[in-house]
Amino acid sequence: MSQADIEQVARSFLNEKDKKRKHRYLRFFDQTKFPFDYAPLLALASAKNGKKNRRIMHAVDALSHFSGDEIRAFALKKFSSEKTPRDYLRLLVNNYQTGDAKILLEIIQRSDNFHHMHELVAGIIDIFEANPDPECKAPLEAMYYGMNCAIHRWSVIDLLNRNEVLSEEIVKELAYDADEDLRKLSRNIKLSRSKMKA
């Protein structure tokens, strides 16, 4: 779509009164950045959320394309008020600051089972994919030890390695992982490290 077309869709969204149609527009702006100021999206995302209203969640997803102090404050408020704030983690992708790894670690430590941990992992990975930071070590190691999903463990290990904070202990452990791709990754990391030492 051209920029003019996207702006026309955005104007139609702003003028739409029917809630179902407005929701469809929000789904569009999850994939395509809203071309105007984010204030209307923040207003919708901040609405009272009874039982995980999908319209509110799509507003949060659309808002995740933006950075701004108000968005960050909104995300931090949700992080402190919800046990598993998975739907709000995307807001930190464009609003991450040094020191936020401690906040993410605290959220992970609140999770008391594999299910809760798995709900968080995609958002945590997205944050550190967009914001390389050696401080990722503690939260990503907590994810590694707290979940049992091989696909996400691969991403966690890869991020730890790219940020140069992957521990030797985990590298050794990976050689015996049940997942073949993780065992292969372990061999590649060991080979790369041995070449660097030579």
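The model is predicted. The protein has 11 helices and 0 strands, and helix follows helix along the sequence in the pattern α-α-α-α-α-α-α-α-α-α-α. Its C-alpha atoms fill a box of roughly 65 × 40 × 30 Å, taken along the principal axes.

**Packing of α8 with α9**

- Two packed helices are described by the angle between their axes and the distance between the axes.
- Helix α8 covers residues 137-146 and helix α9 covers residues 150-162.
- The axes of α8 and α9 come within 10 Å and cross at roughly 155°.
- Angles over 145 degrees count as roughly antiparallel, and α8 and α9 are therefore roughly antiparallel to each other.
- The crossing in which α8 passes α9 is left-handed.
- On the α8 side, the contact is made by Lys137, Leu140, Glu141, Met143 and Tyr144.
- On the α9 side, these residues meet Arg153, Val156, Ile157, Leu159 and Leu160.
- By class, the contact of α8 with α9 holds 7 nonpolar, no polar and 3 charged residues.

**Packing of α9 with α11**

- Helix α11 spans residues 180-197.
- The axes of α9 and α11 lie 10 Å apart, and the two helices pack at an angle of about 10°.
- Angles under 35 degrees count as roughly parallel, which makes α9 roughly parallel to α11.
- Here too the crossing is left-handed, with α9 passing α11.
- From α9, the residues in contact are Ala150, Arg153, Trp154, Ile157, Asp158 and Asn161.
- Their partners in α11 are Asp181, Leu182, Leu185, Ile189 and Arg193.
- The residues of this contact divide into 6 nonpolar, 1 polar and 4 charged.
- Arg153 and Ile157 of α9 meet α8 and also meet α11.

**The largest pocket**

- Rolling a probe the size of a water molecule over the atoms shows where empty space is left.
- The largest pocket holds about 170 Å³ of space.
- Its lining consists of Asn161, Glu164, Val165, Leu166, Ile189, Ser192, Arg193, Met196 and Lys197.
- Helix α11 gives the largest share of this lining, with 5 residues.
- The lining residues divide into 4 nonpolar, 2 polar and 3 charged.
- Asn161, Ile189 and Arg193 line the pocket and also take part in the contact of α9 with α11.

Notes. Residues are numbered from 1 along each chain as its sequence is written. This is a predicted model: local features need pLDDT of at least 70, side-chain atom pairs count only at pLDDT 80 or more; totals for chains, interfaces and linings use all residues. Side-chain values use heavy atoms; hydrogens and water are left out. Axes are lines fitted to C-alpha atoms, for helices over the stretch in contact, and angles run from 0 to 180 degrees between N-to-C directions. Helices (H or I, at least four residues) and strands (E, at least two) are DSSP runs, numbered from the N terminus. Angles under 35 degrees count as roughly parallel, over 145 as roughly antiparallel, 65 to 115 as roughly perpendicular and the rest as oblique. A crossing is left-handed if the near helix is turned anticlockwise from the far one by less than a right angle, and right-handed if clockwise. Contact means heavy atoms within 4.5 Å. Ala, Val, Leu, Ile, Met, Phe, Trp, Tyr, Cys and Pro count as nonpolar, Asp, Glu, Lys and Arg as charged, and the others, Gly among them, as polar. On a 1 Å grid over the protein atoms alone, a cavity is a set of points where a 1.4 Å probe fits but cannot get out, and a pocket is an open set with protein on both sides within 12 Å along at least five of seven lines; lining residues have an atom within 4 Å of a point. Grid points are joined across faces, edges and corners, and a volume is the space filled by probe spheres set on the points.
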